[in-house]
Amino acid sequence: MWQQKWIMGNWKMNGSLASNQQLLLALQKPVSAASAQVYCAVAVPDVYLTSAKEQVRGFPLVIGAQDVSRFGDFGAYTGEINAQMLADVGAGFALIGHSERRQYFQEDNAILLSKLQHCLSAHILPILCVGETLAQRESAQEKAVVGDQLAILAELSATEVVVAYEPVWAIGTGKIPTTRQIAEMHQFIYHQILSLCGKDVKIRVLYGGSVNTKNAAEILAVPHVDGALVGGASLQADSFTAIIQAACAPAL
Ligand code: PGA
């Protein structure tokens, strides 16, 4: 799993029982065919975790969550879903700190650190999402911002760290950084994780933000890009399949 490219879909607040079933059925063959080279996963809305798990039985598509509660215990937290519950229904991972969570739900480092800790205690792989806004990039703050978002990793005793670098200005916009900008940021993230978590930590850094069928191969060939987190293009079987296939042969 650590040697493979990772292609992860993020469905966000999309789907229905019927459309999910269709999409997952259509992914069965391509995901199975790519499984030696590509680790494939999708982050689904929590209400569909159980049905999605059922529908991927027999093929290696990992099902995970898009978020988790900042509270780790059980009790009077109306509307919340804790990491133990995600583990109970078989979620393999959870996205933490996606920019939409940071933007619409004011999730800061203190909240995200508790989410990371609860995931690790419940044996759910957390995927920490980081990235700068356009204004921050235009004022050359991108490394300072991402460095600050990564700093919470020092508080964990994780042996494996997965980060998704998603520039906010690239999410859902069709704009992507140059391959040079991606390479520089991914190298920086590797360097930061090693200094925060120690040299023995296993690292995966995924790129996310407007990954599509046309740009996937080029992005996946960038040094230190270990995979992709795909939003819009993961909602159609054809486009998600083409991205999985691009990950099978990342060198152009
Ligand atoms: P996008 O979303 O691929 O639609 O830009 C990526 C994400 O938000 O994870």
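Predicted model: local features only at pLDDT ≥ 70, side-chain atom pairs only at ≥ 80, totals over all residues.

Start by selecting glutamate 132 and tyrosine 165: their side chains are joined by a polar contact of 2.9 Å. A polar contact here is a pair of N or O atoms within 3.5 Å; within protein, one must be able to donate a hydrogen and the other to accept it, and residues adjacent in sequence count only if both atoms are side-chain atoms.

Residues are numbered from 1 along each chain as its sequence is written, and side-chain values use heavy atoms, with hydrogens and water left out.

Stay on glutamate 132. It sits in the loop between strand E5 (125-130) and helix H6 (134-138). Helices (H or I, at least four residues) and strands (E, at least two) are DSSP runs, numbered from the N terminus. Is glutamate 132 buried or exposed? It counts as buried because its relative accessibility is 0%. The cut-offs are under 20% relative accessible area for buried, over 50% for exposed, and partly exposed in between (1.4 Å probe, protein chains only).

**Next: serine 69**

Select serine 69, in the loop between strand E3 (61-65) and helix H3 (83-88). Serine 69 is buried, at 3% relative accessibility. Now show glutamate 80. The side chains of serine 69 and glutamate 80 make a polar contact of 2.7 Å.

**Next: the ligand**

Select the ligand and the residues around it. There are 13, and Lys12, His98, Glu166, Gly172 and Ser210 come nearest. A residue counts as near if one of its heavy atoms lies within 4 Å. By class, this shell has 4 nonpolar, 7 polar and 2 charged residues. Ala, Val, Leu, Ile, Met, Phe, Trp, Tyr, Cys and Pro count as nonpolar, Asp, Glu, Lys and Arg as charged, and the others, Gly among them, as polar.

An N or O atom in the histidine 98 side chain is 2.7 Å from a ligand oxygen. For glutamate 166, a polar side-chain atom lies 2.6 Å from an oxygen of the ligand. Glycine 232 uses its backbone: a polar atom there is 2.8 Å from a ligand oxygen. How much of the ligand's 280 Å² does the protein bury? The protein buries 95% of the area that the ligand exposes when taken alone. Such areas come from the Shrake-Rupley method with a 1.4 Å probe.

Keep serine 210 selected. It lies in the loop between strand E7 (202-208) and helix H9 (216-220). Serine 210 is not a glycine, yet its phi is positive, about 60 degrees. At 16% relative accessibility, serine 210 is buried.

Select glutamine 103 in helix H4 (residues 99-105). Its relative accessible area is 47%, so glutamine 103 is partly exposed.

Move to glutamine 106, in the loop between H4 and H5. Its phi is near 50 degrees, a positive value in a residue other than glycine. Glutamine 106 is exposed, with a relative accessible area of 57%.

Finish at glutamine 117, in helix H5 (residues 109-121). Glutamine 117 is partly exposed, at 33% relative accessibility.
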